[in-house]
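The sequence and the structure are shown first, and a description follows.

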Amino acid sequence: MLFNSIEFLVFFPIVTLLFYLLPHKWRWLMLLAASCFFYMWFIPKYILILLITIAIDYSAGILIEKWKDNIPRKKTCLVVSIVSTCLVLFIFKYLNFCSANLVALAQHFGWAHPQKVLNIALPIGLSFHTFQSLSYVIEVYRGSQKPERHFGYYALYVMFYPQLVTGPIERPQNLLRQLREKKELNYDNIANGLRLILFGLFLKMVVADNLGTYVDKIYADPAAFSSGDILLGMLFYSFQIYGDFFGYSTIALGCALSMGFTLVDNFKTPYLSGSVQEFWRRWHISLSSWFRDYLYIPLGGNRVSVPRWALNTLIVFTVCGIWHGANWTFMIWGFAYGVLLILERGLRNIHLFDKIEHKTGRILLQICNVTKTFVIVTLLWSVFRATSFGNLHDLFAALFHNGAIPAQLHVAPLAWIVLALFILLDILIRKSRFDVWCGQQKTAVRWGIYAVMVFAIVALSSVEQYPFIYFQF
Amino acid sequence: MTDNEKHTIRKLFLKLLMAVGMLVVLDVIYYFTLYPKDRAENCTLLEISERAREGVDIVYLGESSNHTYSDDDTDKRFICEMIDDLLPEHHVGNLAKDACHAGVYYDILNNIPRQSEVKTAIVTVNLRSCSAEWIYSSLETPLRKEQLFMKKIPSFGQRMLLAFKAYPIWTDEQRSALARRGFKRQTFTLPHPFPYHNADEWDRAVGQSGILYNGTYPSYDTIETACHHIKHFATELDATNPRIKDLDKIVRLCKRRGWQPVFHILPENVDQIDSLCGPDLIWLLERNAQWVTDRYEARGVIVVNNLNEVRDCDFRDRDFPTEHYKQTGRLAIAKNVATAISGDSRIR
């Protein structure tokens, strides 16, 4: 079920109402059933894959605890759990990609190549709940989380509907504990939750979808557009993907908060970052922290030699790229971030601007840094968005060679208005979350904001269907 | 319940009332600002309803069968224009649009202005539109999207349904799965023993074997055409079919508005169906046409059963079942409908 669908507008109030009406001991069951329903709305049979992953990692958690003093057995259990969970992910997400590449390789060398293509769709949100499941097993192994013995609660931890499909990727220490807590009906939770849902819908339906109309045109046939159009397309995509994903995460946070659950914040004004490193601390925080805790630090983190650190960085970001999708463009996108981080660390040692002490100078420097980071991120988003290398080539060819072509992209004033509004809101909420910021306003201002947002969502949203971008991952 | 919870409920109730008030105000603002443009851009069907103004006393509701002609035709008039010419004392309004069906006709009729002079509504009954293949076709999405602006709800509500995509958006995979499920539900029983009980079984058997009912092995294209016929017509219509429910609604609406409904069952290419799928599918088609005739005649509808009226040579398309006729076919249909309305058999 999509958050921006009419079905969800019915589903959400019913589930929230039932949650508060039911006694605490039955709430987990209702939430689990609702989450199954939510997931099965897409392709029902794929719930079996989810159940397999849940069963494997639930059993692994208990066995790891049982053999906590038998290190080889405990380790075997962890490895089996990780391998089997990742195998599911590999089969559904990467097998076709690998097979296609092997066939291409075989063709290149003139070998016989029986092409086996698995004609299956990627189960929605597989990468997200796989990572959430893995974090549980690893935390149990590390001893920082007790295994959950109640299968229902564990299943709910993986399947909790607000974050099931596109995250945030939760840790057991945060969510599992909250699922067992008794939640009282609380006005602030409901009001803040609804504010977040409203803001999330605004980001998705008004900002991202309206900008998406232009982005799709540009990427469908870059050669037909002028250099200026291509730049606009790249700029719009930066805000489309941000509005889209930030919107989904915000709705997820709002749905959970309406029932008293606090999920992790996934974004903190990432486009105001002064460096690529900072960008990754503010963008898709639940994923970047997952990679930090479960891949970067186990590989040695910062406490290794510089060459080893550089290698680790490249590994982590390339894997991060592959996590997003089975395509070379994603891999290149991730790898490029690894290279940029290495360069950034190298440049930091030069201390070129460290002597600037004047306040205005520091502000100007910060503006330059933010602009530089935004330009880098925007350029790399074009690699992320391109459907293939051919598409990417066409895009950059048009960017550098179509300067003489008159502008073809006629951007409606509405797109500029929503973009300006989005940037303004992003700056306003840089120090707190939208719900908190909104709650601090006077009643009239607050209701004015609600009215503008509701009007924009209903009357100014795109009439075309744009699925959430991160659904494909 | 604690005092705190009671207080919360009271506060939430108050905010809910405020939200309702806000929506009412927004509805008024929307109605006077963006609504006219939105409606014109997203609902061409309303413009079709508007055609029932100015002297039109008969409205003709149809789909592409009304206005599709063959390049060889010397007479390229639409069916509704032919009826108009055959009934000089009447003025027939063209309310047809590609891919429409009874569900859309209902909305078009329901939006005909109150002050119109309409007395008779000719409604095309396309038996193919009753199949799961059409019900779950990709043609349905844009039509259902347009229908949102025809709902009798406040303007802000209509736009909200559009914003939240309250119409079917299916991927090809979902569409195909839904159609298959639909075929399985639409069972049929022939008067003699028959190996298949629904379109899915029949379609699979013919498609996988590549053999026609008479034991011949035709080309792949011919088998594909035969399968299309099976998927579209191998069903036994009953009152649960969504199109039949829509026709029922049309009858009730016509009664309310004082219009005489005329249902005309479109001709199908029975010659081709007979040669590719055999007499069993013809039996089902005729059974369904008769069932529709009996059901609606009993409700005061004039039903014109044109099922067998057009021969194979007068169908324009060869490799897919359509209701696109050459001029002879269109004229034959128009004459039958005009005769039924005027009661004047001399039209022939």
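## Strands of chain B

In this predicted model, strand 3 of chain B pairs with strand 4 (residues 260–265) of chain B in the parallel sense, over 6 bridges. Strand 3 of chain B also pairs with strand 1 (residues 58–61) of chain B, again in the parallel sense, over 4 bridges.

One residue of strand 3 illustrates both pairings. B:Ala121 has B:Val59 opposite it, and B:Ala121 also stands opposite B:Pro261 in strand 4 of chain B. Strand 3 of chain B, residues 120–125, is mostly covered, with 5 of its 6 residues buried.

## Domains of chain A

Chain A is divided into two domains: domain 1 spans 6–185, and domain 2 is made up of 188–267 + 351–472. The centres of these domains of chain A, taken over C-alpha atoms, are separated by 29 Å. Their contact involves 14 residues from domain 1 of chain A and 16 residues from domain 2 of chain A.

On the side of domain 1 of chain A that touches domain 2 of chain A, the elements giving two or more residues are helix 1 (6–21), helix 7 (161–164) and helix 8 (172–180) of chain A. Helix 1 of chain A gives the most to this side, with 3 residues. By class, the side of domain 1 of chain A that touches domain 2 of chain A has 6 nonpolar, 6 polar and 2 charged residues.

## Contact between the chains

Between the two chains, 20 residues of chain B are in contact with 22 residues of chain A. On the side of chain B that touches chain A, at least two residues each are supplied by helix 1 (3–32) and helix 9 (155–163) of chain B.

Helix 1 of chain B gives the most to that side, with 7 residues. The residues of the side of chain B that touches chain A divide into 13 nonpolar, 2 polar and 5 charged.

## Residues with positive phi

A:Thr269 is not a glycine, yet it has a positive phi of about 35°. A:Thr269 is found in the loop between helix 10 (227–258) and helix 11 (276–282) of chain A. With 16 other C-beta atoms within 10 Å, A:Thr269 is partly exposed.

In chain B, B:Ala99 is a residue other than glycine with a positive phi, near 65°. The loop between strand 2 (92–94) and helix 6 (102–110) of chain B holds B:Ala99. B:Ala99 is partly exposed, because 16 other C-beta atoms lie within 10 Å.

Methods. Residues are numbered from 1 along each chain as its sequence is written. Chains are lettered from A and ligands numbered from 1 in the order in which they are written. This is a predicted model: local features need pLDDT of at least 70, side-chain atom pairs count only at pLDDT 80 or more; totals for chains, interfaces and linings use all residues. A residue is buried if 20 or more other C-beta atoms lie within 10 Å of its own, exposed if 12 or fewer, and partly exposed in between; C-beta atoms are placed from the backbone. Two strands pair if DSSP finds at least two bridges between them. Domain bounds come from an automatic or database domain assignment. Two residues are in contact if their C-beta atoms, placed from the backbone, lie within 7 Å. Ala, Val, Leu, Ile, Met, Phe, Trp, Tyr, Cys and Pro count as nonpolar, Asp, Glu, Lys and Arg as charged, and the others, Gly among them, as polar.
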